[in-house]
Amino acid sequence: LWCASLGFSEPRLAEVAYRRNVVAYRAINEVVRSAVSVPWVLFRSSDGERRRLAEHALIGLLARPNPMQARAEFIEAVLGFYLIAGNSYIEAVGADGPPRELWTVRPDRMRVVKGPTGLPQGYEFGHGTERITWEADPVTGRSGILHVRAFNPLDDWYGQSPIEAAATAIDQRNAADAWNMSLLQNGARPSGALVYAPAEGEANLSDEQFERLRRQLEEQQQGTLNSGRPLLLEGGLDWKEMSLSPRDMDFLEAKHSSARDIAQAFGVPPMLLGIPGDSTYSNYREARLALWEETVVPLLRHLRDELNAWLVPMFAPGLALDIDLDEVPALTLRRERCWEMLRRADFLTVNEKRRAVGYAPIDGGDVVVRPGSRIVTPAAPTAES
């Protein structure tokens with residue numbers, strides 16, 4: 001059951017890539033489990049100031065979206081579906097006012113009801129004989145369902161899964177694993193042929209002799225328990241090796257090459273998956289930083305923007321969700337570089353440096369402090385002043 005040869009439906013993507021391919025499974029979990037470790041925060045903007053809220057109904061909803069899931073498990077499901085299927089659906093449950101619960105819905109059971117104006121007319125859930133529909137506003141497209149989708153240049157309604165781009169590499173890796181298993185079950189040696197060459201007479205086995213020999217090989221030679229068992233041959237039978245060895249086929253390098261392609265499709269540095277032969281990053285710390293900056297953070301910001309456009313307005317105006325990247329240990333290297341850059345920026349005022357790292361200004365901070373000296377220079381007047 002290969003990925004590219006059977007088409008790209010959600011169940012096949014999940015079965016062939018996530019459940020049967022260790023590289024794709026590990027890459028998806030590397031991204032998702034990194035993402036769920038990031039705290040979410042809520043801000044309220046008023047009079048030009050942005051204030052972080054410690055308590056709010058929306059904070060409580062994200063902490064416990066539904067009776068079955070806490071925040072981490074909920075975010076893991078949302079992003080997991082997104083990476084496997086290219087589509088993720090969130091249902092808001094609540095009669096009037098802000099939702100009381102949030103649920104993830106399996107993408108293979110959801111269908112977008114296409115509208116005539118280019119916006120969805122609604123969404124339909126189908127499982128067996130059960131059907132549930134959600135209508136969408138014909139003008140704004142707003143609905144009780146949030147559809148988070150990846151970019152797809154060939155489809156107006158559904159996103160493209162990274163698995164589709166890595167389909168050939170996934171097929172190669174799965175075929176290699178199946179070949180390994182078959183090799184192991186057949187005594188961990190390449191296949192060959194039994195040649196019947198009697199000293200006299202016709203060189204053909206009778207049907208009864210052929211069937212008996214085939215049954216003997218299956219029962220006594222194949223399988224892991226029969227590995228290494230000598231083959232007993234009767235007169236006129238000779239064993240001839242036929243297949244190439246794994247070294248001749250450059251088998252291991254082909255496996256590593258397909259594994260690197262799969263990792264790159266998900267934006268995971270191969271070094272983090274233990275795949276040899278990748279020298280893009282000089283050390284593990286830089287590879288992990290690249291994972292966060294190039295994959296995890298953009299993915300979380302994509303989800304944040306979707307929630308700010310769909311969920312947050314259901315509560316009150318002026319609210320905004322965000323992710324707290326200061327709590328991520330893997331981004332320490334980036335923060336160190338930022339601090340060092342600001343320390344050397346002797347043309348910025350104290351308050352400008354504070355704003356650059358997310359701190360509020362202080363009284364008397366509109367001055368420039370030169371590193372290595374005690375000279376304090378007032379900030380240069382601007383055109384506005």
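Guide: Two strands pair if DSSP finds at least two bridges between them. Helices (H or I, at least four residues) and strands (E, at least two) are DSSP runs, numbered from the N terminus. This is a predicted model, in which local features need pLDDT of at least 70, side-chain atom pairs count only at pLDDT 80 or more, and totals for chains, interfaces and linings use all residues. Residues are numbered from 1 along each chain as its sequence is written, and side-chain values use heavy atoms, with hydrogens and water left out.

Visitor: Which residue in β2 is the bridge partner of R44?

Guide: Strand β1 spans residues 40–46 and is joined to β2 by 5 bridges, the two running antiparallel. One of the bridge pairs links L42 to L53 in β2. For R44, the bridge partner in β2 is R51.

Visitor: Which residue takes a positive phi in the hairpin of β1 and β2?

Guide: The hairpin has 2 residues between its strands. The positive phi, near 55°, belongs to D47.

Visitor: In what order do the 3 strands of the open sheet lie?

Guide: The edge strands are β2 (49–53) and β11 (319–323), each of which pairs on one side only. Neighbouring strands are turned by 35° against each other on average, direction ignored. The pairing is antiparallel, and the order is β2-β1-β11.

Visitor: At about what angle does α9 run to β11?

Guide: Axes here are lines fitted to C-alpha atoms, for helices over the stretch in contact, and angles run from 0 to 180 degrees between N-to-C directions. Helix α9 lies across β1 and β11. Its angle to β11 is about 165°.

Visitor: How are α2 and α4 oriented, roughly parallel or roughly antiparallel?

Guide: Helix α2 (residues 22–35) packs with helix α4 (residues 71–85) at about 150°, their axes being 9 Å apart. Angles under 35 degrees count as roughly parallel, over 145 as roughly antiparallel, 65 to 115 as roughly perpendicular and the rest as oblique. The angle therefore makes α2, relative to α4, roughly antiparallel.

Visitor: Which residues of α4 meet α2?

Guide: Contact means heavy atoms within 4.5 Å. From α2, the residues involved are I28, N29, V31, V32, R33 and A35. Their counterparts in α4 are E76, L79, G80, L83 and I84.

Visitor: Is A259 buried or exposed?

Guide: A259 is found in helix α8 (residues 251–265). Not counting residues up to four places away in sequence, A259 touches V23, R173 and I275. Its relative accessibility is 1%, so A259 counts as buried.

Visitor: How far apart in space are A259 and I275?

Guide: In sequence, A259 and I275 are 16 residues apart. From C-alpha to C-alpha, the distance in space is 7.2 Å.

Note on methods
Buried means under 20% relative accessible area, exposed over 50%, partly exposed in between (1.4 Å probe, protein chains only).
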